[in-house]
Every structure is written in C-alpha cells, then in structure tokens.
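Q: Could you walk me through this model, one feature at a time? I would like the general idea and then the case at hand.

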Amino acid sequence: MSSATPSPGPSSSSAHGHHKRHSILPAVSQSGPKPPVQFSSSCTIADSALLTGAHTIIVSTESVIHPRARLESLGGRVTVGRRCIVHERACLGAADLQGRYHKGSPDKEGRSMGAVTLGDYVTVEVGAQVESGGTVIGEGTTVGIGTRVGAGAVVGKHCTLTANSTVAAGEAIPDYTVIYSNGLRRVDRRGVSDLKNKAQARQIDVLRRMIPSNPAKFQ
Amino acid sequence: MFGNNRLPAFHPGLTQSRIRDTTTGSRLWFPGLRSAPPSESSPSDSDPANDQLPLPITPEDLYDTPMAPFNPYTYIRCPCSELNPYAKRTPDVTAQGLSRAAQDDDDHTFDPRAARSNYSLYPLEYLSFCEDCHQIRCPRCVAEEIVCYYCPNCLFEVPSSNIRSEGNRCTRSCFQCPICIGPLAVNHVETPPDPNQLLSPDHAASSHSGSYILSCSYCNWSSTEIGIKFDKPNSIHMQLAKLRNGGETRLTAKERKERRKEQASQGGGGGSSSTAHGEEDLDTLLDMETQFANLKSFYQNQLSDANGTGKAGGDASAALGNLGFDAPASLSRIMSLYTGSSSLHDKKSKSRPGTMREALAPSEGLQLASLDETSAITALQDFEPITGLDAYSSTASTTQLQSQAPYLGASPLHGLTRFTSSLRPISYLLRTKRSKRCPQCRHIISKPESKVTTTRFRIRLIAGNYIPTITIKQLIIPGLTPPPMPNLPPDTIEPLKPAQFVLTFKNPIFESVRVTLATPATTPGRFPSKVTILCPQFEIDSNTDVWEEALKDNNATSSSSQSQNLSSSTGPEGSGPGGRKRAGTLRPGTAGGASLAGEELGPEVGKVWERGRNWTSIVIEVIPASLVQTAKRDGRGPIKEDEDVLEIPMFVRIEWEAEAPEDEIMPGLSSAKGNKDGGKEKRELAYWCVLGLGRVARTL
C-alpha cells in the first residue's frame, strides 16, 4: 500500500501563501509483512517510516522515528528504548552484507535476544545500519552517519561511533568508547552524559512538533 | 589489532602532490584532477598456454587487485627543464634498457618515462603562461612571493611583523586536537554552584563558576583530559602558554625577569655563583625555559669571573656578561685564554688564569637525569585492558608527537610526553597567499587579492587561456571498428591491433591558430607502440562568441544545399547544427585518396575528423605493442608499475597571428614601421606533451 502524502504540518503560511512543497522523492511503499507493534502513546512515528517483519516492534516513550527510517523485525524483535531518535534511512534490523538476517543466539535464560535492542537516549544517525541478530546498543550511544553495526555486536553505554565506522559482528564495545578514524578507539572522558541526555530531550521536543506522527497507520 | 592500525594524522602544511617514484616509472598523479591515481599492477600473466618465457613473478602480481578505471590524460612539459646547464647525454642504465634519458634538443625525442621528465610534466591546469616571454611556466620555475599570511581556521590575517616576533602559528584561539587533528571548539562548562556557598556574601566574587574548555567534536577529546580550563573564551593561546598540564600555572619569561630583578634589588648579591647551593634540593624539576635562563646567566657569570673582573663582579656581569660570544670584547678575551704566551694581551688577565666550572645546582641550571622510568612502566602495565584498547594505544604515535610543539613549561628531560593523556593542543599553522612571477622577465603571472576571504585573483595568466586543450577519446565506429576480443579487461586496449583515438583541440584565444603535430614513429620504452597521426597539420578557429557563430549559422542555412558536399579541411564554414563538419561524411564525387566506396565514414589521412566553433578533432592511430616479453627482447624484469600505459610523446607547434603591441610612447610608430596586415605579427609556441591513452591489455 502506498503511503499518502504527509498532511501539512504546523502552518508556516504566515510568510508564504503557497502550499507546502511536496517531496520530490518517490512515494514510499510499504512492502513485506506488517509487523505487530507496541507503541507508547508519546512516541512519534513518521508517516513514511517503514516497518516490516514478523516479530514485534516496540517503540518506547517519547522516541522519534524519522520519515523513511526502516525498522525490520524479520530476524527478531526490534526494541527501541525511551527518548531515542532514529534518523532517515537508518535501518534497525538490517541484513548483513550478504543479505542474511541473523537470528541471534539466545541469552543465558534461553530467551531469544531480539534482533535489535536500543537502550534509552540512543541516537541512530542518517543511513546507519544496525544489523539484526541480537545487536544491543547501550544507553546514550550515538551511532554515527553511515555506520554499520555488525550482527550480534554489543555496544556499551554512552559510546560514540563516528561517521562511516564499522563494528564487526559479535564484537563487544566497552562503555564510553569512541570509535573514530579508520577503526581507532579511545575512551571518552568528558563526563557529559547528563548534558547529552538533556540535549536529546530538548531535541525530541522540537522533533515532535516538526514530524507529523501517524502511529495508527502501523497498528 | 586496533592499536596497530594507527594511521598518520593529517600533518598541517604537508602538500599532497605526489611525484612518481622514479625507480618504478609509474604514472604521475595529481590531486584534484579526474585521472586515477597509480593503481596497483594488474594480475600476473603467466599463462600456462603461453609458450613464451613467463615473466618473473613480483609481489605485486600475487595480489589480484582490480584495476582502477583509466582516464586518458595529457601532460605538458614545461620548457624550464631545457635550460638545464648540466644536461649530459647519459644513457639510462636502469633495467629499462633501451630508453635513454630525455634530452631536450630537437634531435632527440622526449621520453616520458625517463627519470628527469618526471619533474617537468604537468597537466594543463597546473601551468601558467607569461605573456611577455610567451612561454609556459610550471610550478617549479615560477618565483613565489608571499602576499599575506592568514590562519586557515579563523581566517584572520596576520601582519608579517607578527610572523617574525610570534612565529608562524595562530596566536588567537585556533587549535587542533592532538589526537585526531580536528579543529577544537571553545565550550563553556557550567560547574554546578555549590549549594553551601549560594547564601554566602562572597558568592558574587567567586569566579570559575563557569569556565571554558577546548573540545574536539570528532574524537571527543577535551582539554579536561590534561586538566586545563580557561577563564576567558578568547586569547586562549596566551592562557594556554601559562598553564601546565594539570592546571598549574607557570611563569613566562617576562614574569621571571621581573621576579629576578626584584630579587636582585632586594638581595644585592650580584650574579655570582657562590650561592649556598648545598642547601638547594638537587631534584627540583625545572621547566625548559627556567633551566635555560638559569644556565645562561650562570655561564655569563662564569665568563665574566674567569676574565679577571671578579672584584667588580656585579658590574662586570651586568656590563660585559651580556655581550654574548660574538662581541669583539668577549672574543678577544676568549682568544687570550688560548694564546697565553703572546705579549700583546693584558697582564692583568694573565694573572688570573680564570677557571670555569659547571653548574652545580638547579638554580644554576643543573638538572639530574633520572633514569628510573618505573612510573611510566607501571602506567603502561596497569592499563586496564579494555577490549580493543591496549596499553600500546595509550602511547602517543610518532605523528602525534611530531605535531606537538615543544612546550616551554615542560622539563626537557622528564617532561617528554609519552602517553596520549599528556598531549597538548596544537596551534594552527598559518597559511600564505602567494603571487607568482616569471623567473626571466619578472612579470607577475598570478596575484591573488590580499583580502583573505576573497578567492579571486587580480592577475591570473594561466596556460589554459593560451594553449589549446587536448581531450582524448577512443574512436569506435559501429560499422567500421572491429569488435574487441570478448574477455578484454575493462578500460584496456588490445595489443597488436590498430586502435583509433580522437584528439580534440580546443582553442582558447581569439585568433585562429595553426597546429602542427609530430610524434616519433614508435613510442619510447620497453614496449614500443606504433603511432600515426592522420592529420598532423590543421587549423583551429578562433574562440569567438557564441552569438557570432549563431548568426553565421543563420546565414549559412539559407545556402545549406550548396554546403552539403563541401569537405574542405581548412577555413571556417558553418553548416549544419552547431557548425560541425565531419570530413569523412558522404562525399560521393571527390577522389579523396584511399577512400573506398563503402567506407565513407572512416577517418581519412590528411583530413580533420571534426571541426567546431573553436575546436578541431583529429584522429590518431596506434598499434599497441604486446606486453609479453619474448626471449628475443632485451627487456629484463617484470612489467613495472604503469609501464603498460600507452603514452605518446607529442610535439605541438602552434602558430598564430597576434596584434602587434602598440608602442606607448609613439602610437603611430608601429604603422610607421610599415607592418603589413594592419599591425599583426606572427607568433609561435612549441612544446612537448604526453598523451596517456590507456592501458594495454596483457593478453597475447
């Protein structure tokens, strides 16, 4: 089913009298199975977000899913924590480079790890690919633009993955790590986690007003 | 593994142009242009079906690397290398064998693979043109002068007087991250107010409630990692000079001088070395500046003492001790120490043989070397092995250490930074805007505006405005060109089969030019390919306005039926859309040499291929050599990098008529001289260029 064009947002017609310009990109069409979802009442899901898969997709309190972000639960459940931001063209639960969706080994109690689990206050930037298969992104981490996080990788809290970096499959990244340059790592000692969380909350306030949310479409 | 992946950080000031390695003979690579960098060598061609001698396998052959797409290029040789006074006819005795070092006389052809030609070949974009000498100038032969200095970060222009006094780095607030060389930003850090102090009356006076730090937005480094915070957000360079790692302040040179003057006025004991050094702690660490200052004053005192003016030590050290070692008075004193038997010297100075001793205390500049590095070793060993991070990655890399400026507040012996946790921010190197001059006639060739933010030029004489641009394209006629062999690697030319290329010459000047081309019959090098220029002499029309050509078109289409069958190769005749004329098209009646009835579309010898408003295309035909070496060939060794590129040296001669320069003093003189054609004079320019057509496939 093809998505309708987004309804006009908060009117900015005080300055311009013409209609809001419609996107010149082709209309986004949802393909694939419609997944069962659990949305919090305060989350923001854009109309042209792409949710596919057989497993549940959970989006928690005040998280924002930008237009054209993909959430694929083909390999398992996708959990987005509180106050997360998933930018355009990011994909949670992506297939790996060979096109396979990993399932992820079950954890100690025998329950299956979901495909992708995002902690609270996580930011997934434009074009990042977080592969499915038990991948865990810790609280407060920023997954940079174009980053690829391998299947089953466990990224710690408050990490920074700079643009176009890669995390190998199954790798465990300790907390407060910065991955920069061509795979170099260092420890972030700034101690600004609280400030970053507050800034993320403010950004989410702005985004909630700018992105028209349509969670009913996916339920 | 990640610790070993240490890539060099970008070093400020380092240029990126790469001159090719002369031993391997690879192709030049110029940044910013479309041609691909030298690619790794293609897979080895030791074909078992080949009954000829197999090539020796080189390490490069073992890696089956895909080749980068090849873009044809044109490099022009600057004539500055002709004026080499050391030109000797030495044959090139490397494994290239038959090729000789390029000589610049007209008798010898130009060898683009010789070691010397490496330094004189440039793409057209890199060359300028001197209008007075009417010669090409390359970046190697122009003389550069500095127009202005500026900081690349804050774009602040630094007057050249400041360069001499403060150095060639930005002294405002521009810094680079010592870890990742990214720009540092000044951030305000709010320290939460102490609740106990909020009610106290001193709260208003408590400074440092908010302070500033430098932070890198890429690798998340901040100056808190070395314990440095700033009070003001500007003039950070000054504040940083006074702060040691960890926040302690140090005195600058001026402050130390003032303190010494105060002490001297209070203490009264003039600079003599007999302070009670026994009481001082020998282990006090001095920073670099203090140690140097202490040593210098100590030696000055020693000098003045040793030369017999010990009684008036205070005055002498002040008066003569500061002379240094160049002054004639101190020189004569020093020499008198050695020429003890001469009768010319002063008896007084002989009576005191003058002993000098070394420093004995830190106040005199002595620093004991502590060879005990257990603290550094334990810091390395105690490093918590976090996954992906090891102790090695906590040490600073060579590049990081080299970018660090020597910090005068650190002890030279023990204050050497070894760990990344003690690296300091790096000041930005200033950049310059330069103007270029012709080395012969001293005319300015290129002059940028002195305003930093404008990128325009006041004067800009580039070769692209005077010399025709050459573009290369392979000619494939659907019915005529034989199809390539099926498994030909992409972007390669088949060996031993004639291939045709279209060279398009575009004329930038406002006069029509006549071009004469010449190439050697076979390309120089180990694998000579045969080259034939089908039309070595032709004319290119002037670079007139587009409107003029459109107006001409309108006049021509009215008589288009007459111009349909014309096929002259000279003279501008607009016909058809865009004014193009192809020489090889339908000419039923003319006897054009070897033209066959069924092949009207092929390129013709002596005829231009295509012509336009300000451009002309001609065809050259090459028969590439086979890269497989037979036993008969003299070449030894494997194919070097880029030796399979088909490069053609070509000699281009351009003739045109230009306006004779008006004599400014006597305007009527040129016409009075009796110049014909209304004051035009013939000009010509000749240069060598190298065309890189493509890679030869390693088949056959």
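A: Gladly! Let us start with contacts: two residues are in contact when they have heavy atoms within 4.5 Å. Among contacts in chain B between residues at least 6 apart in sequence, 72% join residues at least 24 apart. Please keep in mind that this is a predicted model, in which local features need pLDDT of at least 70 and side-chain atom pairs count only at pLDDT 80 or more, while totals for chains, interfaces and linings use all residues. Residues are numbered from 1 along each chain as its sequence is written, chains are lettered from A and ligands numbered from 1 in the order in which they are written, and side-chain values use heavy atoms, with hydrogens and water left out.

Q: How many helices and strands does chain B have?
A: Helices (H or I, at least four residues) and strands (E, at least two) are DSSP runs, numbered from the N terminus. Chain B has 13 helices and 24 strands.

Q: What share of chain B counts as buried?
A: Buried means under 20% relative accessible area, exposed means over 50%, and partly exposed lies in between (1.4 Å probe, protein chains only). In chain B, 39% of the 700 residues count as buried. Accessible areas come from the Shrake-Rupley method with a 1.4 Å probe, and for residues only the protein chains shown count as cover. The accessible surface of chain B is about 40,200 Å², and 55% of it belongs to carbon and sulfur atoms.

Q: Is B:Thr355 buried or exposed?
A: B:Thr355 counts as exposed because its relative accessibility is 68%. Its place is the loop between α8 (347–351) and α9 (374–381) of chain B. Leaving aside residues up to four places away in sequence, B:Thr355 touches B:Gln302 and B:Ala306.

Q: Which residues of helix α7 of chain B are buried?
A: In α7 (residues 328–338) they are B:Ser330, B:Arg333 and B:Ser336. To see how they are arranged, look down the axis and take the arc of the directions from the helix axis to the C-beta atoms. The buried residues of α7(B) fall within an arc of 120°, so they line one face of the helix. The face turned away from that buried side carries the exposed residues B:Pro328 and B:Tyr338. The cover over the buried residues of α7(B) includes α5 (288–306) of chain B.

Q: In what order do the strands of the open sheet in chain A run?
A: Two strands pair if DSSP finds at least two bridges between them. Eight strands of chain A form this open sheet, in the order β2-β5-β8-β11-β14-β17-β20-β21, with mixed pairing. At the edges stand β2 (44–45) and β21 (184–187) of chain A, each with a single partner strand, so one side of each has no neighbour in the sheet. β2(A) pairs with β5 (residues 64–65) of chain A in the parallel sense, over two bridges. There, A:Thr44 has A:Val64 in β5(A) as its bridge partner.

Q: How many disulfides are there over all chains?
A: A disulfide is a pair of cysteine sulfur atoms within 2.5 Å. By that rule the count over all chains is zero. B:Cys174 is in no disulfide, and its nearest cysteine sulfur, that of B:Cys154, is 3.3 Å away. B:Cys177 is in no disulfide either, with the sulfur of B:Cys219 nearest at 3.4 Å. B:Cys174 is buried at 4% relative accessible area, and B:Cys177 is buried at 0%.

Q: Are B:Arg526 and B:Glu643 buried or exposed?
A: Both are buried. Their side chains meet in a salt bridge (2.7 Å, N to O). B:Arg526 lies in the loop between β17 and β18 (530–533) of chain B and B:Glu643 in the loop between β22 (615–623) and β23 (645–659), so the pair ties together parts 117 residues apart in sequence.

Note on methods: Salt bridge = Lys/Arg side-chain N within 4 Å of Asp/Glu carboxyl O.
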